[in-house]
Amino acid sequence: ELRTHLLLAHTHKDNRRMPEQKNGEVMRKIRIEKLVVNICVGESGDRLIRAAKVLEELTDQKPVFTKARLTVRTFGIRRNEKIACHVTVRGEKAEEILNKGLQVKEFELPARHFSATGNFGFGIEEHIDLGLKYDPSVGIYGMDFYIVLGRPGFRVSRKKRGRGRLGLKHRVTREDAMKYFKTVHGGHVRDE
């Protein structure tokens, strides 16, 4: 009697697990954690402020200025001099801006643009290609897009209390990133 009861309990547990598998693996779904848009001017002053204005117009967020790590005399930059600005965008706005950027690239990226940790990036040469109006007083700026991909549950490796390690199978690989790019954005990866 006890044996049949245990058997019934065991099959009942299995039945409860079934709907999750039909549902698809929710925790495995890849999503955009963040999109970083960067403009490097290589000098501080008026041009950098105008570049920040372009980023603000594109993202509706206030850009952060980045400083040079060391002095490079050939480029004419000094250590701690502001030389670039960037914005970190998350959520639906990140998706929207990424789509604009990929349209400029015609949804085609070389394989070398995908990193081993499952992120990818690309650059565009003229910000007016994104649909922003050309202003002669501002000029034309190129920018870099960098996309960080993740899965639900990545927070375990970053949280302060009860921090854990990310399992090997849960990490986003280069192949995963390429597959995401092809399926979600309908992109094409060129071999070079």
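Biologist: Which residues do ring pairs link into a cluster?

Modeller: Phe114, Phe120 and Phe181 are linked that way. A word on origins: this is a predicted model, where local features need pLDDT of at least 70, side-chain atom pairs count only at pLDDT 80 or more, and totals for chains, interfaces and linings use all residues. Residues are numbered from 1 along each chain as its sequence is written, and side-chain values use heavy atoms, leaving out hydrogens and water.

Biologist: Why is the aromatic pair of Phe120 and Phe181 called tilted?

Modeller: Rings of Phe, Tyr and Trp (its six-membered ring) pair if their centres lie within 6.5 Å; planes under 30 degrees apart are stacked, over 60 edge-to-face, and the rest tilted. Phe120 and Phe181 lie 5.7 Å centre to centre with 55° between the planes, so they pair and count as tilted.

Biologist: What makes this pair a link between distant parts of the chain?

Modeller: Phe120 sits in strand β5 and Phe181 in helix α4, 61 residues apart. Helices (H or I, at least four residues) and strands (E, at least two) are DSSP runs, numbered from the N terminus.

Biologist: Are Phe120 and Phe181 buried or exposed?

Modeller: Both are buried, that is, under 20% relative accessible area with a 1.4 Å probe, protein chains only (exposed is over 50%, partly exposed in between).

Biologist: How do you know that strands β1 and β3 pair?

Modeller: DSSP must find at least two bridges between two strands. β1 (residues 31-40) and β3 (residues 82-89) are joined by 6, so they pair, and they run antiparallel. Within this pairing, Asn38 stands opposite His86.
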